[in-house]
Amino acid sequence: MEDEEGTKRLRESLNLHQLRPIPPPDTNLEFKFGQEVDAFHHDGWWEGHIAEELGNGRFAVFFRVSKEQINFSKEDLRENELEETLLTPNVKPVETGAEKKEEFSVGALVEVSSDDDGFRGAWFSATIVEARGKEKFLVEYHSLLADDGSSL
C-alpha cells in the first residue's frame, strides 16, 4: 500500500489489539471440512472456513464477512489463530544480545488487522516504525493489492 502519489509505503497508527506476531510457517498441515482457516488472498490472510474438500490439495473456503466462496490450494491456507491471539496477545520478551526487547518493538515484522469495511477478518504484513506509548504503534505496510492485482 503506497501513498496517493505511489512513492511511499502507507503508514498507519494502530492499537496493540490490532497487531500480532508473524506466525511461524505451517508444515504438513491437513485441512478438513468446517475447519477455521486463514487463506492468503489479495496480499493478506483472510479468515474463513473450509466449505468443501475439492481433492488434490484444493479446498473451497467460505468467508463470512464478504459472504463469498473461493477455491485455494493447500499452500495458500494456514490454521486460524485469531481467537487465541485476540484473547491473549503474544507480547513476550525476546533475547537480543545482552538486552531484552518487547516482541512489538521498532523494526519488528507483524501482521495487522483493520476494522474498516472491506478489510474485516484480514491480516496484512507490516513493520513497526515507531512505538507511541504502551498500546499504540506506527506501522508501515509491506504491500497490498487491489482487486485487479495493482498496488494500492
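The chain has an average pLDDT of 79, and 74% of the residues score at least 70; pLDDT is the predictor's confidence in each residue, on a scale from 0 to 100. Where pLDDT is low, the predicted coordinates should not be read in detail.

This is a predicted model, in which local features need pLDDT of at least 70 and side-chain atom pairs count only at pLDDT 80 or more, while totals for chains, interfaces and linings use all residues. Residues are numbered from 1 along each chain as its sequence is written, and side-chain values use heavy atoms, with hydrogens and water left out.

The largest nonpolar core holds 26 residues, and Leu19, Leu77, Val112 and Ile128 touch the most other members. Such a core is a set of buried Ala, Val, Leu, Ile, Met, Phe, Trp, Tyr and Cys residues joined through side-chain atoms within 4.5 Å; buried means under 20% relative accessible area, exposed over 50%, and partly exposed in between, with a 1.4 Å probe and protein chains only. At least two residues of this core come from each of β3 (36-41), β4 (44-55), β5 (58-63), β6 (68-73), β10 (109-113), β11 (122-131) and β12 (136-141). β11 gives the largest share, four residues. Helices (H or I, at least four residues) and strands (E, at least two) are DSSP runs, numbered from the N terminus. In soluble globular proteins, nonpolar side chains tend to be buried together.

A charge sits over a ring if NZ of Lys or CZ of Arg is within 6 Å of the ring centre and within 35 degrees of the ring normal. Arg20 is likewise placed over the face of Trp123, at 4.1 Å from the ring centre.

What aromatic pairs does the structure contain? A search of the whole structure finds six, where rings of Phe, Tyr and Trp (its six-membered ring) pair if their centres lie within 6.5 Å, and planes under 30 degrees apart count as stacked, over 60 as edge-to-face and the rest as tilted. Phe119 and Phe124 are edge-to-face, because their ring centres are 5.9 Å apart and their planes stand at 70°. Phe119 is partly exposed at 29% relative accessibility, whereas Phe124 is buried at 5%. Together with Trp46, Phe119 and Phe124 form one aromatic cluster.

His142 lies in the segment after β12 and is partly exposed, at 25% relative accessibility. Beyond neighbours within four places in sequence, His142 contacts Arg9, Leu109, Ser125, Ala126 and Thr127. The His142 side chain reaches the backbone oxygen of Ala126 at 3.5 Å.

Two loop residues remain. Asp43, in the loop between β3 and β4, has a positive phi near 65°. Lys67, in the loop between β5 and β6, has a positive phi of about 55° and is exposed at 64% relative accessibility. Most residues other than glycine have a negative phi.

Note on methods:
Contact means heavy atoms within 4.5 Å. A polar contact is a pair of N or O atoms within 3.5 Å; within protein, one must be able to donate a hydrogen and the other to accept it, and residues adjacent in sequence count only if both atoms are side-chain atoms.
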